[in-house]
Amino acid sequence: MNLIILTPEHEIFNGAVKSVKVPAIGGQFEILNKHAPVVAALDKGKIKVTNTKSESTYYQIDEGYVEVLNNQVVILVNGTVQKQ
């Protein structure tokens, strides 16, 4: 599946991934290949991105939204994103 992480200023990430774990308002959830369509608000926390080689990268966010549709995940973040 493809992941895009965006802020109002620029694109943070765009590429193929194995999974994405996001800090949704109601609690964390993981998005895997062929996930059902969803739109959710994100809370302050860490996004865990696992690439196709099973290596993980973390991004600290303040808040935002995630949309999953047609095997593509788009995360729109308000404010800054810090890679950890």
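The model is predicted, so to speak of a local feature takes pLDDT of at least 70 and side-chain atom pairs count only at pLDDT 80 or more, while totals for chains, interfaces and linings use all residues. Residues are numbered from 1 along each chain as its sequence is written, and side-chain values use heavy atoms, with hydrogens and water left out.

Strand β6 (residues 56–69) pairs with β7 in the antiparallel sense over 10 bridges; two strands pair if DSSP finds at least two bridges between them. Within this pairing, Tyr65 stands opposite Leu76 in β7. Strand β7 (residues 72–83) also pairs with strand β1 (residues 2–6), this time in the parallel sense over 5 bridges. Here Leu3 has Val73 of β7 as its bridge partner. As a general point, side chains in a regular strand alternate between the two faces of the sheet.

Stepping back to the whole protein chain, its secondary structure comes to 0 helices and 7 strands. Helices (H or I, at least four residues) and strands (E, at least two) are DSSP runs, numbered from the N terminus. Read from the N terminus on, the elements go β-β-β-β-β-β-β. The radius of gyration of the protein chain is 11 Å, close to the 12 Å that the globule rule gives for 84 residues, so the chain is as compact as a globular protein of that length. This radius is taken over C-alpha atoms, and the rule is 2.2 Å times the number of residues to the power 0.38. Along its principal axes, the C-alpha trace spans about 30 × 25 × 20 Å.

How much of the chain is tucked away? Buried residues make up 35% of the 84 residues. Buried means under 20% relative accessible area, exposed means over 50%, and partly exposed is in between (1.4 Å probe, protein chains only). As for contacts (heavy atoms within 4.5 Å), among those between residues at least 6 apart in sequence, 45% join residues at least 24 apart. On charge, the protein chain has 8 positive and 8 negative side chains, with the centres of the two sets 12 Å apart. Lys and Arg count as positive and Asp and Glu as negative, while His and the chain ends are not counted; each charge is placed at NZ of Lys, CZ of Arg, CG of Asp or CD of Glu.

Some loop residues deserve a look too. Lys34 is not a glycine, yet it has a positive phi of about 60°. Lys34 is found in the loop between β3 (27–32) and β4 (38–42), and it is exposed, with a relative accessible area of 69%.

Gly26 lies in the loop between β2 (11–24) and β3 and is exposed, with a relative accessible area of 86%. Gly26 and Ala40 are 14 residues apart in sequence and 9.2 Å apart in space, C-alpha to C-alpha. Gly27 is found in strand β3 and counts as partly exposed at 28% relative accessibility.
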